Structure formats: structure tokens, C-alpha cells
Amino acid sequence: MKTKFGIVGCGFLGGIVADAYRKGLLPDYELVGVTSRTRAKAEAVAEKTGCAVCDDVNALLALRPEYIVETASVEAVRAMAIPVLKQSVNLVVISIGAFADPAFYEQVKQTAQESGAKVHLANGAIGGFDVLQTVTLMAQAQSLPETAGIETHTGAKGFRNTPVWADHLLTDTEKTTVFTGSAKEAIATFPRRVNVAVATSLATTGPEITGVTMHSVPGWVGDDHCITAEIEGVKAVVDICSSTSAIAGWSVVALLRNLASPICFY
């Protein structure tokens with residue numbers, strides 16, 4: 001029996017998951033339905049994969065999937081996480097920034113515990129959650145101080161419509177450090193650019209302690225995220241540089257394959 005799943009969000013990232021399914025890269029799964037903010041996009045994905053088009057998440061849940069894959073937005077996670085989990089349906093999340101709100105994070109965790117469902121946080125554009133959690137566990141078990149943080153290099157245009165924006169960023173000839181602070185401060189400053197900061201802080205020392213540094217680099221295409229977690233005797237560095245967000249979509253495919261595999265890489 002194949003595992004039934006549905007997709008919420010049929011943009012670029014959702015399309016990657018759907019195409020992977022269509023190409024046979026998710027042989028243990030059956031895509032039963034998709035839904036999206038734009039119905040036309042959902043219809044296009046459904047036509048390619050042979051699944052149902054759903055008007056909303058409730059209609060998708062009516063198809064009784066075992067997993068819902070979110071490739072939509074922080075707002076979508078906030079709206080659907082609790083209803084999905086209450087139906088004992090597992091949730092795969094790419095928009096981890098939704099958990100920047102500690103109260104919402106705790107509510108999701110409590111609902112999952114009560115329903116028996118799981119919330120799987122996809123690696124997205126960074127990864128290395130396993131080794132980061134391991135270093136943090138060692139710190140906690142041995143009462144060791146831990147230093148954790150993420151340093152990001154990205155193009156100037158990525159900071160438009162944020163509090164740190166300045167016109168000179170477009171003409172600077174060298175990189176400019178536009179933000180240094182905690183993950184909690186980064187969340188307040190960049191409410192729509194916090195997926196990686198939230199993911200890093202959840203896997204390590206928490207939003208109030210995890211450090212975040214952001215650089216604007218002239219002509220830079222994509223993002224370079226370098227995460228460090230360090231305690232006495234151990235230093236873990238995860239550095240992911242990508243010129244495309246496609247890696248986030250493929251991280252969902254890899255997660256689903258791992259969940260279905262008799263041998264799991266974690």
C-alpha cells in the first residue's frame with residue numbers, strides 16, 4: 001500500500017515535489033490532491049500528476065492523506081497546521097518561519113502530541129539539523145556553554161522593503177553588514193526572511209541566544225548560509241551556497257524518501 005499525501009502550495013517549490021512524484025522519484029507515495037492560493041496553478045499540477053484539485057485544505061483532508069506537504073508560505077502554515085494535526089495527519093513544513101512565534105510553536109507541538117501526528121521540518125536551504133541537534137544535546141548533557149549562529153551572504157535586492165534597506169546597497173563595491181543580533185531580533189526585523197534563522201535557532205540554542213549576521217554583497221546571486229554550533233571539543237559547520245531556491249523543494253522530496261525508506265539518513 002502506498003502512502004497518500006497532498007500538497008499545499010503549487011508554486012515553484014510545490015512544482016518540484018510534484019515533478020519528482022511524476023518522474024517516479026517517490027515510488028512509495030500516492031499524490032491524492034493539491035491545493036493552492038491560485039487555482040490555476042493547482043489545476044496545472046493536478047493535470048500533470050493525475051491527482052485531484054482541492055479548493056482548500058479541508059477538501060484535501062477529505063481525501064484522507066497521511067501526509068500534507070506545505071510548500072506555500074508562513075501564513076499557510078499558521079492557518080492549517082492545527083486543523084491538519086487535529087485530524088492526525090502528519091505535516092511536512094518548508095516555511096519554518098511560522099514557528100518564530102513561540103506560542104504558536106508550543107501550540108503546534110501540543111496538538112501533535114495529543115493527536116499522535118508528526119511535524120517534519122524540511123532542511124530547506126540549509127540542512128544539517130541532525131549534527132546541530134547533536135552538538136546542542138552534548139552541551140545540555142554536559143552543562144557546557146554553546147555558541148551557535150548563522151551568517152548569511154545575499155544580494156542587495158534581497159533586503160528591499162526591510163528596515164535595513166538603503167539605496168547605497170545597490171552601488172556598494174564591497175559587502176556591507178546590514179544586521180547583527182540574535183535570531184529573536186532578526187525575526188522582528190525581517191518577518192518575511194526568517195526561515196533559516198528560525199530553523200537554526202530551533203535546532204540549537206533558541207531564538208534569544210542564537211546569533212544572526214547578514215551581509216549584502218554586490219552582484220551576489222542566491223544565498224550563502226553558514227551555520228556554526230560549537231562547544232568545548234566539538235565544532236560543527238554547515239555551509240550551503242545556492243543560486244536557486246530549488247534546493248528547498250528538493251529537500252522535501254529527500255525527506256519523504258527518507259521517511260519511506262527502511263534505512264534512514266538522519
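Leaving aside neighbours within four places in sequence, His225 is in contact (heavy atoms within 4.5 Å) with Ala125, Ile126, Ile150, Glu151, Thr152, Val196, Val238, Asp239 and Ile240. This is a predicted model, in which local features need pLDDT of at least 70, side-chain atom pairs count only at pLDDT 80 or more, and totals for chains, interfaces and linings use all residues. Residues are numbered from 1 along each chain as its sequence is written, and side-chain values use heavy atoms, with hydrogens and water left out.

His225 sits in strand E10 (residues 223-231); helices (H or I, at least four residues) and strands (E, at least two) are DSSP runs numbered from the N terminus. With 7% relative accessibility, His225 counts as buried. Buried means under 20% relative accessible area, exposed over 50%, and partly exposed in between, using a 1.4 Å probe and protein chains only. The side chains of His225 and Thr152 are joined by a polar contact of 2.8 Å. Such a contact is a pair of N or O atoms within 3.5 Å; within protein, one must be able to donate a hydrogen and the other to accept it, and residues adjacent in sequence count only if both atoms are side-chain atoms.

Ala125 belongs to the loop between strand E6 (119-121) and helix H6 (129-142), and is partly exposed at 23% relative accessibility. Beyond four places in sequence, Ala125 touches His225, Ile240, Ile247 and Ala248. Asn195 is found in helix H8 (residues 195-203) and is also partly exposed, with a relative accessible area of 32%.

The interior comes next. A nonpolar core is a set of buried Ala, Val, Leu, Ile, Met, Phe, Trp, Tyr and Cys residues joined through side-chain atoms within 4.5 Å. The largest one has 52 residues, and Ile68, Val84, Leu91, Phe99 and Val212 have the most contacts inside it. Helix H4 (residues 74-86) supplies the largest share of this core, 6 residues. At least three core residues come from each of domain 1 (3-121) and domain 2 (129-244), with bounds taken from an automatic or database domain assignment. Leu91 touches Ile68, Met80, Ala81, Val84, Leu85, Lys118, Val119 and His120, not counting residues up to four places away. A second, separate core of 28 residues includes Val45, Val92, Ala246 and Leu255.

Leu63 lies elsewhere, in the loop between helix H3 (57-61) and strand E4 (67-70). The C-alpha atoms of Leu63 and Ile227 are separated by 39 Å, and the two residues are 164 apart along the chain.

The protein chain as a whole has 9 helices and 11 strands. Its radius of gyration is 19 Å, close to the 18 Å that the globule rule gives for 266 residues, so the chain is as compact as a globular protein of that length. That radius is taken over C-alpha atoms, and the rule is 2.2 Å times the number of residues to the power 0.38. Buried residues make up 49% of the 266 residues.
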